[in-house]
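Me: I have a structure open and would like to learn how to read it. Could you take me through some features one at a time?

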Amino acid sequence: MAAVFFHHVVGDLTVGKPEVSELHDTDTLDDAARAIASSPEGAVPVWRPRATPDDPPSGARFIGMISALDIAAFVAAAGVGDRAMRAVVGEVVQPNPGLLREIDPGTRLIDALELMRHGVKRFLVRKSGSWKGITKRFSVLYNGKWLKNMDSTSPNAASSSRQLSSSMGFAEKFCCLSREDVLRFLIGCLGALAPIPLTQISSLGAINPHYSYVEASAPAMEAIQKIPQDPCAVAVVETMPDGTRKILGDISTYKLWKCDYVSAAWALANLSAGQFVIGADENGSMSIFVLPEPPVSPSSPVEEISPGRSPRAKKFSSRSIGFQANQMSAWRMRSSFHRGRSTPLTCKSTSTLAAVMAQMLSHRATHVWVTDAESEEDGVLVGVVGYTEIFNAATRSACASPTTS
């Protein structure tokens, strides 16, 4: 089964991928929001501007990644509503060049997965030029030398390929590969990966018990301070008398993907974590918050309600709330927590790896929360599974199979 990782190369995953569309640190958060909406994992790479219009994408110009949660947290802290969206990306993005690596399209899949296991979230891959379909059987990365001796700005195989393409007269074209692209490729190879995909995640050691969480009664902004780098998510829980934690929802980049950032920012700044998570719509985004109608002031127009018709719930957005807390102070949020539109994406500890992979891909999620399969209570949280755990589980046996290397 390890042949899949050793005989496939990164270039196999670039077929049909669009060229890189760069978001620069001089662009606005509005620009970033549009870019994130069409990007996987609710985040997008940020680059320094090109020196010339024909300058191709380069790992040396990469700064870091900006996520949906970064934008919502910044707008919440700024407290100026729509005006905060005019800020430049450079004010928000945290420099982290290690999140992207420029690699040659002939790099073996096992080598690419090794990089992702060590924190790389994007690959910059050349689509044009000449490259061999299969790399050599033992690459320097697989022997542990690449990770120790090479950094993102040093000369490497990718830069050598650039020189080869230029000398042959090829116009360089690049695409970005995400962890979602790799997961999609692995889903198409489940038969070749047997029996790993049909093994329970608990048996594979794929459950990460070291997850971040906040109590539902805590301020939503407290979760922002606890957000880990991967997965970028904090569970919102209710601690039971026996000490177990029942998951009610989560605050994450995935949940805020394609959201109304100003509405989400108001909620982060003014609501508890429990109130925040029940404001998600059917698609899991924060684009719609449903609240009871506010008390009607004497000067407010009153809508007549016909018999048998209940008052309509009012949805608020940046235009309706004006980002002013005093307009909302009289409103009362629902205090009960329930399973419904805000249900977190969960699986059981007895779920198979294939089932979790399919869940993540179908929802385009970055993680799945794991609940105790033996507990009498539903939703007792025991851990989380993200891309790193899946890649670790899938490649552990591959690296231990000497006959296929």
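Me: Where is Cys189 found?

Reply: This is a predicted model. Cys189 sits in the loop between H7 and helix H8 (190-193).

Me: Is Cys189 buried or exposed?

Reply: The idea is to compare the relative accessible area with a cut-off, and buried means under 20%. Cys189 has a relative accessible area of 14%, so Cys189 is buried. Along the sequence, Cys189 and Val4 are 185 residues apart, yet their C-alpha atoms are 7.6 Å apart in space.

Me: How is Asp12 placed, by comparison?

Reply: Asp12 belongs to the loop between helix H1 (3-7) and strand S1 (23-24). Its relative accessibility is 32%, so Asp12 counts as partly exposed.

Me: What share of the protein chain is buried?

Reply: Buried residues are 50% of the 405 residues in the protein chain. Among contacts in the protein chain with a separation of 6 or more, 71% join residues 24 or more positions apart.

Me: At what angle do helix H7 and helix H15 pack?

Reply: The general point about helices comes before the case. An α-helix has 3.6 residues a turn, so residues three or four places apart point the same way. Here, helix H7 (residues 179-187) packs against helix H15 (residues 353-363) at about 130 degrees, and their axes are 10 Å apart. H7 and H15 are therefore oblique to each other. The crossing of H7 past H15 is left-handed.

Me: Which residues of H7 and H15 meet?

Reply: From H7 come Glu180, Leu183, Arg184, Leu186 and Ile187, and from H15 come Met357, Ala358, Met360 and Leu361. By class, this contact has seven nonpolar, no polar and two charged residues. The buried residues of H15 include Met357, Met360 and Leu361.

Me: How do H2 and H3 compare with that? At what angle do their axes cross?

Reply: The axes of helix H2 (residues 29-37) and helix H3 (residues 68-78) come within 10 Å and cross at roughly 150 degrees. Over 145 degrees counts as roughly antiparallel, and H2 is therefore roughly antiparallel to H3. This crossing of H2 and H3 is left-handed. Leu29, Ala32, Ala33 and Ile36 of H2 make the contact with Ala68, Ile71 and Phe74 of H3. These residues divide into seven nonpolar, no polar and no charged.

Me: Which phi does Glu41 have?

Reply: Glu41 is not a glycine, but its phi is positive, about 65 degrees. Glu41 lies in the loop between H2 and strand S2 (43-47), and at 8% relative accessibility Glu41 counts as buried. Lys258, also not a glycine, has a positive phi of about 60 degrees. Lys258 is in the loop between strand S9 (245-252) and helix H11 (261-270), and at 48% relative accessibility Lys258 counts as partly exposed.

Notes. Residues are numbered from 1 along each chain as its sequence is written. This is a predicted model: local features need pLDDT of at least 70, side-chain atom pairs count only at pLDDT 80 or more; totals for chains, interfaces and linings use all residues. Side-chain values use heavy atoms; hydrogens and water are left out. Buried means under 20% relative accessible area, exposed over 50%, partly exposed in between (1.4 Å probe, protein chains only). Contact means heavy atoms within 4.5 Å. Axes are lines fitted to C-alpha atoms, for helices over the stretch in contact, and angles run from 0 to 180 degrees between N-to-C directions. Helices (H or I, at least four residues) and strands (E, at least two) are DSSP runs, numbered from the N terminus. Angles under 35 degrees count as roughly parallel, over 145 as roughly antiparallel, 65 to 115 as roughly perpendicular and the rest as oblique. A crossing is left-handed if the near helix is turned anticlockwise from the far one by less than a right angle, and right-handed if clockwise. Ala, Val, Leu, Ile, Met, Phe, Trp, Tyr, Cys and Pro count as nonpolar, Asp, Glu, Lys and Arg as charged, and the others, Gly among them, as polar.
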